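Student: I'm new to this one and would like to go through it with you. Can we keep asking what stands behind each label?

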Amino acid sequence: MRIDKFLKVSRIIKRRTVACEACEQGKVTVNGKVAKPGTAVKEGDILEITFGGIIMKVEIVSISEHVLKDDARSMYNVITNG
């Protein structure tokens with residue numbers, strides 16, 4: 001799955017266009033490498049997302065095309081937040 005789509009489906013970022021912009025600006029890394037919007041992710045990958053001054057680090061647990069809002073949080077584990 002593409003990183004921009006994963007960020008939207010998992011509701012880490014609410015809109016796919018915002019996820020694309022974050023990737024294009026170098027604010028998202030996958031396993032320590034800067035990610036482009038089309039970068040493929042898989043289970044076990046570590047994502048680091050920078051929102052302003054906050055850095056959020058998560059591990060991908062599962063990947064699904066469609067997830068209910070209540071189940072979106074189960075797609076990743078937060079490693080650090082802040």
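Student: Where does Ala-72 lie?

Tutor: Ala-72 sits in the loop between S4 and S5. Keep in mind that this is a predicted model.

Student: What makes Ala-72 count as buried?

Tutor: Buried means under 20% relative accessible area. Ala-72 comes to 2%, so it counts as buried. As for its place relative to Arg-2, the two C-alpha atoms are separated by 16 Å, and the residues are 70 apart along the chain.

Student: Why is Arg-2 called partly exposed?

Tutor: The label covers values between the buried limit of 20% and the exposed limit of 50%. Arg-2 has a relative accessible area of 38%, so it is partly exposed.

Student: How do you know that Arg-2 forms a salt bridge with Asp-4?

Tutor: The rule asks for a side-chain nitrogen of Lys or Arg within 4 Å of a carboxyl oxygen of Asp or Glu. For Arg-2 and Asp-4, the closest N and O atoms are 3.0 Å apart, so the pair passes the 4 Å rule. Asp-4 itself is buried, because its relative accessibility is 1%.

Student: What about the side chains of Lys-5 and Glu-65, what makes them a salt bridge?

Tutor: Their N to O distance is 2.5 Å, and the limit is 4 Å, so they qualify. This pair links distant parts of the chain: Lys-5 belongs to helix H1, while Glu-65 is in the loop between S4 and strand S5 (76-81), 60 residues apart.

Student: Are Lys-5 and Glu-65 buried, exposed or partly exposed?

Tutor: Lys-5 has a relative accessible area of 23%, so it is partly exposed. Glu-65 is at 43%, so it gets the label partly exposed too.

Student: Which side chain meets Lys-42 in a salt bridge?

Tutor: That of Asp-45, with 3.2 Å from N to O. Lys-42 has a relative accessible area of 53%, and exposed means over 50%, so Lys-42 is exposed. Asp-45, at 4%, counts as buried. There is also a network: salt bridges that share partners join Arg-2, Asp-4 and Arg-16.

Student: How many salt bridges are there by this rule?

Tutor: The count comes to four.

Student: Which residues gather in the patch of positive charge on the surface?

Tutor: Lys-8, Arg-11, Lys-14 and Lys-69.

Student: What makes Lys-14 exposed?

Tutor: Exposed starts over 50%, and Lys-14 has 75% relative accessible area, so it is exposed. Lys-14 is found in the loop between helix H1 (3-9) and helix H2 (16-24). Arg-11 is in the loop between H1 and H2 as well. Its relative accessible area is 40%, so Arg-11 is partly exposed.

Student: What is the phi of Arg-11?

Tutor: Arg-11 has a positive phi of about 65°, although it is not a glycine. Asn-31 is not a glycine either, and its phi is positive at about 50°. Asn-31 lies in the loop between S1 and S2, and with a relative accessible area of 45% it is partly exposed.

Student: Now the strands. How do you know that S1 and S3 pair?

Tutor: Pairing needs at least two bridges between the strands. Three bridges join strand S1 (residues 28-30) to strand S3 (residues 46-51), which run antiparallel, so the two strands count as a pair. Thr-29 stands opposite Glu-48 in S3.

Student: What makes S3 and S4 a pair?

Tutor: S3 and strand S4 (residues 54-60) share six bridges in the antiparallel sense; at least two are needed, so they pair. Thr-50 is opposite Ile-55 in S4, and the bridge partner of Phe-51 is Ile-54. Two residues separate the strands in this hairpin, where Gly-52 takes a positive phi near 60°.

Student: In what order do the five strands form the sheet?

Tutor: The order is S2-S1-S3-S4-S5, in an open sheet with antiparallel pairing.

Student: Why are strand S2 (33-34) and S5 called edge strands?

Tutor: Each of them pairs on one side only.

Note on methods:
Residues are numbered from 1 along each chain as its sequence is written. This is a predicted model: local features need pLDDT of at least 70, side-chain atom pairs count only at pLDDT 80 or more; totals for chains, interfaces and linings use all residues. Side-chain values use heavy atoms; hydrogens and water are left out. Patches are made of residues with over 30% relative accessible area and no salt bridge: like charges are joined within 9 Å, nonpolar side chains (Val, Leu, Ile, Met, Phe, Trp, Tyr) within 5 Å. Accessible areas come from the Shrake-Rupley method with a 1.4 Å probe; for residues, only the protein chains shown count as cover. Lys and Arg count as positive and Asp and Glu as negative; His and the chain ends are not counted. The place of a charge is taken as NZ of Lys, CZ of Arg, CG of Asp or CD of Glu. Helices (H or I, at least four residues) and strands (E, at least two) are DSSP runs, numbered from the N terminus. Buried means under 20% relative accessible area, exposed over 50%, partly exposed in between (1.4 Å probe, protein chains only).
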